[in-house]
Amino acid sequence: MKFEVWAPNATERVDLVLDNQRHAMAGAESGWWRIEVDAEPDSSYMFAIDGRDLRPDPRALRLPDGPEGPSQLFDLAAVPWTDTQWRGAQLPGAVIYEMHVGTFTPEGTLDAAIERLDHLVGLGVDMVEVMPLASFPGRHGWGYDGVGLYAVHEPYGGPAAFCRFVDACHARGLGVFLDVVYNHLGPSGNHLQEFGPYFTDRYDTPWGQALNLDGPDSDDVRRFMIDNALMWLRDFHVDGLRLDAVHALFDVRAVTLLEELSAEVSALSTRLGRPLWLVAESDRNDPLTVTPREAGGLGLHATWADDVHHGLHVLLTGETQGYYADFAAPGSLEKVLGGMFLHAGTYSTFRRRTHGRPLDRTRTSGWRFVVSLQTHDQVGNRAIGDRLSAQLTPGSLACGAALLLTSAGTPMLFMGEEWGASTPWQYFTDHTDSAIATAVRRGRRDDFASHGWSRNQVPDPQAEGTAERSQLDWSEVALEPQARILRWYADLIRLRRERPDLGDPRLDRVSVDHDLEGRTVVVYRGDHFVVVNLSGDERLVKLDVDDTVELETILAWEPAATSVEGATVHLPPESAAIFALRT
């Protein structure tokens with residue numbers, strides 16, 4: 001078997017330690033070291049650079065004891081796949097479901113998650129977006145401090161379990177996205193710098209050292225990231241990748257990492273004969289992120305549109321602190337629902353500068369923007385991890401869902417949102433380094449104390465109970481009002497599929513009337529009208545259509561109390577309804 005590792009920092013030798021036997025490797029070009037030696041299919045191995053401490057393979061497919069332990073061989077060619085007829089999933093028209101494996105079920109494993117996939121099929125979603133799986137020290141965590149980027153976190157079940165999960169999703173017609181992090185690595189168990197110049201001090205990220213994407217010896221660092229992305233798509237049969245915080249990929253090359261990755265994924269898609277998708281999380285509000293390479297863009301397929309979340313959050317909750325402040329201004333909701341970006345070359349008071357680039361609504365399709373009411377970030381980065389269900393009535397939740405699931409963007413749900421889960425989703429960690437654990441705990445509480453929270457109100461990220469509280473309680477699905485909210489979400493997703501107007505991605509066809517004082521919103525979607533009443537009183541809402549039209553109610557949160565006469569609709573308090581021209 002051939003073993004190889006990129007270790008240009010080695011000055012004398014690199015040894016392969018295979019099943020406790022040491023073998024000297026041969027140096028090759030560009031800092032690579034290689035050797036061929038017999039090995040059992042599940043052999044354990046590590047590398048020693050210049051006789052120093054043993055380290056796992058940076059490209060290890062399995063790390064059964066975590067990133068501080070030995071690598072273990074894993075034969076991807078031996079996986080018993082059953083999805084040979086799978087021809088991929090389409091992102092245009094899809095509804096995405098974001099899942100954290102460790103808290104999706106009480107067991108916190110990929111195999112346990114498989115047992116809940118039929119729930120997602122019944123809900124009607126098209127793709128499951130799995131939060132990062134890369135190996136990290138400890139058991140609990142969000143996944144954004146991964147260290148072993150090629151290995152699946154062992155407490156979740158390791159690489160074999162992820163193969164089973166993807167296979168099971170495909171068997172049910174569900175596509176799979178994987179969230180990957182290429183802007184930094186976690187602070188603990190990270191030994192890449194001993195091998196080569198993976199990191200640079202020329203840039204800073206909020207989470208750790210920046211990757212060396214454009215400095216000396218950066219070719220193989222970029223290759224490390226690109227090969228990782230291609231592996232998930234090709235060898236693990238994943239349908240798309242969500243690229244975390246691409247604005248923190250510091251890269252001044254003429255051809256950036258993202259553009260290079262886009263080209264390679266496009267070529268792989270052609271070879272495999274199925275669509276492969278790249279979705280960015282970007283803070284830039286830049287349409288060039290999703291503009292094809294041929295037109296001068298980066299060539300990614302879609303990007304998260306946090307401005308839509310912010311606009312909907314302010315509408316529903318009335319919160320206006322911090323970056324929410326700009327979204328309370330008149331016209332903000334209309335702008336984000338019809339154009340995805342509030343800041344599009346305009347001034348951001350939170351940033352105290354001009355932000356974003358104008359978006360041409362006639363040329364850029366709405367499906368290229370992933371929109372949401374709740375995400376892991378927007379829930380978990382609140383002081384106590386409270387969901388919308390902790391502060392909104394079921395009727396208000398229904399209003400938010402109606403606006404989201406009839407939008408021109410690609411809707412994404414955060415696990416449990418579909419039934420108004422009462423469980424929080426908090427920030428939890430399991431750092432094995434006590435100094436890092438103490439710093440994270442103190443930093444979290446200091447940050448929120450500066451915003452008026454009592455330090456004792458902020459959960460301890462390192463406490464096991466913090467992760468346990470964040471687990472979904474599946475018994476709620478059968479209770480009220482959760483069961484009713486779940487039916488509402490399923491009905492909205494079904495209507496989005498059955499009524500083309502409600503999923504039309506053409507942004508220039510979206511028109512919005514927002515009555516701030518009356519707390520009503522009307523979204524015009526072709527021959528369909530989405531009307532929500534967030535006030536505590538009944539409302540008569542006159543639609544901007546001819547009085548002679550005949551309208552029918554096709555879905556209502558309170559059907560018995562919802563009515564329509566001519567172009568005027570009657571909505572009870574805190575309710576939503578969808579109307580259509582009668583044909």
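**Entry 1: a buried arginine**

I am working with a predicted model. I began with Arg274. Its relative accessible area is 9%, so Arg274 is buried, the cut-off being under 20%. Which residue does Arg274 form a salt bridge with? I found Asp239, with the closest N and O atoms 3.5 Å apart. This pair links distant parts of the chain, 35 residues apart. Asp239 sits in the loop between α6 and β16 (240–243). Arg274 sits in the loop between α7 and β17 (277–280). Is Asp239 buried or exposed? I noted a relative accessible area of 0%, so Asp239 is buried.

**Entry 2: other salt bridges**

I then searched the whole structure for salt bridges and got 36. One of them joins Arg222 and Glu260. Their closest N and O atoms are 2.9 Å apart. This pair also links distant parts of the chain. Arg222 belongs to helix α6 (residues 218–234), and Glu260 belongs to helix α7 (residues 257–272). I counted 38 residues of separation between the two. I looked up how open each one is. Arg222 is buried, with 2% relative accessible area. Glu260 counts as partly exposed, at 24%.

Next I looked within helix α6. Asp227 and Arg223 both lie there. They are 4 residues apart, about one turn of the helix. How far apart are the N and O of their salt bridge? I wrote down 2.8 Å. I also checked Arg223, which counts as partly exposed at 26% relative accessibility.

Arg223 and Asp227 are part of a network of salt bridges. I listed the members: Arg59, Arg223, Asp227 and Glu264.

**Entry 3: the largest cavity**

How many cavities of 30 Å³ or more does the whole structure hold? The search finds 6. The largest cavity contains about 150 Å³ of space. I found 17 residues lining this largest cavity. The closest to its centre are Pro56, Asp57, Pro58, Val147 and Leu192.

I asked which elements supply the lining of the largest cavity. β12 (148–152) and α5 (192–195) each give at least two residues. The largest share comes from β12, with 4 residues. I sorted the lining residues by class, too. They divide into 11 nonpolar, 4 polar and 2 charged.

**Entry 4: the second largest cavity**

I repeated the steps for the second largest cavity. Its space comes to about 120 Å³. There are 16 residues in its lining. Which ones lie nearest its centre? I noted Ala134, Leu149, Asp179, Val180 and Val181.

Helix α6 came up again here. Both α6 and β13 (175–180) supply at least two residues of this lining. β13 gives the most, with 3 residues. By class, I recorded 10 nonpolar, 4 polar and 2 charged residues for the second largest cavity.

**Entry 5: a sheet of three strands**

My last stop was an open sheet of 3 strands. What is the order of the strands? I wrote β26-β29-β28, with antiparallel pairing. β26 and β28 stand at the edges, each with a single partner strand, so one side of each is left without a neighbour in the sheet. The twist averages 20 degrees from one strand to the next.

I then took the pairings one at a time. β26 (residues 539–542) pairs with β29 (residues 568–571) over 4 bridges. In that pairing, Leu540 stands opposite His570 in β29.

β28 (residues 563–565) pairs with β29 over 3 bridges. Which residue of β29 does Ser563 stand opposite? I found His570 again. I also looked up Glu565, whose bridge partner in β29 is Thr568.

I finished at the turn. β28 and β29 form a hairpin, with 2 residues between them. Gly566 lies in this turn, and I noted its positive phi of about 65 degrees.

Technical notes:
Residues numbered from 1 in each chain as written. Predicted model: local features only at pLDDT ≥ 70, side-chain atom pairs only at ≥ 80, totals over all residues. Heavy atoms only, no water. Pairing = 2+ DSSP bridges. Salt bridge = Lys/Arg side-chain N within 4 Å of Asp/Glu carboxyl O. Buried < 20%, exposed > 50% of the residue type's maximum accessible area, 1.4 Å probe, protein only. 1 Å grid on protein atoms, 1.4 Å probe; cavity = no way out; pocket = protein on both sides within 12 Å on 5 of 7 lines; lining within 4 Å. Points joined across faces, edges and corners; volume = space filled by probe spheres on them. Nonpolar A, V, L, I, M, F, W, Y, C, P; charged D, E, K, R; others polar. Axes fitted to C-alpha atoms, helices over the stretch in contact; angles between N-to-C directions.
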